[in-house]
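The following account leads a new reader through a structure, from the chain as a whole to a single residue. The sequence and the coordinates are shown first.

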Amino acid sequence: MAGKTLYDKLWDAHLVAEREDGSALIYIDRQIIHEVTSPQAFEGLRLAGRKPWRAGASVATIDHNVPTTPFDSAADIEDETSRIQVTTLQDNTREFGITEYGIGDVRQGIVHVMAPEQGAVLPGMTVVCGDSHTSTNGALACLAHGIGTSEVEHVLATQTLVASKMKNMRVQVDGELGPGVTAKDVVLHIIGVIGTAGGTGHAIEFAGSAIRSLSLEGRMTVCNMSIEAGARAGMVAVDDTTIDYVRGRPAAPKGADWDKAEAYWRTLVSDDDAEFDTEVKIDAADIRPQVSWGTSPEMVVAVDALLPDPAAEQDEVKRSGMQRAYEYMGLEPGIKVSDIRVDRVFIGSCTNSRIEDLRAAAEVVKGRKKADSVKQVLVVPGSGVVKQQAEQEGLDKIFLEAGFEWRQPGCSMCLAMNPDRLQPGEHCASTSNRNFEGRQGNGGRTHLVSPAMAAAAAVAGHFVDIRDLDA
Ligand SMILES: CC(C)[C@H](C(=O)O)[C@@H](O)C(=O)O
Ligand code: SF4
């Protein structure tokens, strides 16, 4: 019998029951909760007269709806829906005995930044949240994915989830990453190669020497966009980087418990003889800094390439998709990426708002200024903890001196659910993960890039190849 993949091991360790039809019940170690996808779940519990099965297994915070300018209480939130959702989460977590990192708590932040940072997510766990980018946590060798609101209720009530086993896929990136090439470029390149349906029905394990060379934060950036590659879950096996990241986190085990846990975590790697249903191999040397030009994350090119010509596309559906994207984006095939001017820049989101992202942006910006033609540059730390750390390092000053705005933690301009949004027709260099039509505001035009590339675009007023910048 072939060995087990990491995903097989995580699945087997949590399997409660299995039916003939392939459906199964798995145990959930951790549920993370935010204000948008939880109100009906709590309402369902209330109507059924149920309590959470294990209230301590859930942790909540507010992120999607919060303004990123300072505010003292929910009453200060202007938008009514947002105000109600934030207040409702406060009320629900109090009523059901769930910990919430709310307004003014330094631990508050984007769910997928807060949870690993607090050690609420540990290797080997099953982790769910009513949010598709829960895949981020897979960087810690977890089985982590998004669920729907009715499932949020089910997990609250039973601590289990009805699930079907996915197929195994391995994306192996070997070799050394070139200068200026970051985790974000790696994942955008992968999506450019396999497409947004490439991982459909699979759990992806990201492996290979280039993935190993990434920090844990970088691995989170890669796993974050698994969903953009069509997969619900992405993961990276345990190694020293994983263990070092977890050690000392507030909710990580201590003493003898730590030793036991570490010994188990070290087993969370795919066996040498494990078989994958789908394998993709990528040479790290082929990856250059990436910029998305269209309205799907697979519409991406290297910064030194020309925008692709739909006429050269054989697949008719793809060709018309490209044509429509060009129209929406107000761009022409064949132009250079550096010909794309940007109106706003957004450095943030669960893809790229951790400390190393802010450091990378600050390094580019230091001693430089925002271009006059750029209306606004938002720098939005992923959590209060990231914000504090960045301020200790003086990164906020570098951004402010450059004419950037230094904001409070939240999802911000990643999606148009709070005051931070694009105006119709505006182009945005954004470190987020989705470039769908209207994603950052009605008519807004998103270009997905790494933090360093976003910072460089803010300074130049158009995209530039960060490999050409003088140190
Ligand atoms: C609001 C939420 C359900 C949604 C998601 O599931 O991903 C959001 O976080 C997003 O990024 O589009
Ligand atoms: S930062 Fe963006 S992608 Fe991440 S959870 Fe918030 S809205 Fe979703």
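Two residues are said to be in contact if their C-beta atoms, placed from the backbone, lie within 7 Å. This is a predicted model, in which local features need pLDDT of at least 70 and side-chain atom pairs count only at pLDDT 80 or more, while totals for chains, interfaces and linings use all residues. Residues are numbered from 1 along each chain as its sequence is written, and chains are lettered from A and ligands numbered from 1 in the order in which they are written.

The chain as a whole comes first. It has 15 helices and 19 strands; helices (H or I, at least four residues) and strands (E, at least two) are DSSP runs, numbered from the N terminus. For 471 residues, a compact globule would have a radius of gyration near 23 Å, and the 21 Å of the chain agrees with this. That radius is taken over C-alpha atoms, and the globule rule is 2.2 Å times the number of residues to the power 0.38. Along the principal axes, the C-alpha atoms fill a box of roughly 55 × 55 × 45 Å. Of the contacts in the chain with a separation of 6 or more, 77% join residues 24 or more positions apart. Buried residues account for 52% of the 471 residues; a residue is buried if 20 or more other C-beta atoms lie within 10 Å of its own, exposed if 12 or fewer, and partly exposed in between, with C-beta atoms placed from the backbone.

The chain is divided into domain 1 (1-288) and domain 2 (294-468), with bounds that come from an automatic or database domain assignment. The contact between them takes 38 residues from domain 1 and 39 residues from domain 2. On the side of domain 1 that touches domain 2, α4 (111-118), α6 (183-194) and α8 (216-224) each supply at least two residues. The largest share of that side, five residues, comes from α6. The C-alpha centres of domain 1 and domain 2 lie 24 Å apart.

Where does ligand 2 lie in relation to the domains? Domain 1 and domain 2 both give residues to the shell around ligand 2, so it lies between them. Among the residues around ligand 2 are D63, H64, D131, H133, C350, C411 and C414; a residue is near a molecule if its C-beta atom, placed from the backbone, lies within 6 Å of it. Ligand 1 is surrounded by V36, T37, H64, D131, S132, H133, G146 and L415.

An open sheet of five strands has the order β17-β16-β15-β18-β19, with parallel pairing; two strands pair if DSSP finds at least two bridges between them. At the edges stand β17 (405-406) and β19 (445-448), each with a single partner strand, so one side of each is left without a neighbour in the sheet. Strands β15 (residues 344-347) and β18 (residues 427-430) pair in the parallel sense over three bridges, and V345 stands opposite A429 in β18.

The last stop is N137, in the loop between β6 (126-129) and β7 (143-146). Is N137 buried or exposed? With 33 C-beta neighbours inside 10 Å, N137 counts as buried. Leaving aside its neighbours within four places in sequence, N137 is in contact with H112, A115, P116, V121, V127, C142 and A144. N137 and N224 are 87 residues apart in sequence and 7.7 Å apart in space, C-alpha to C-alpha.
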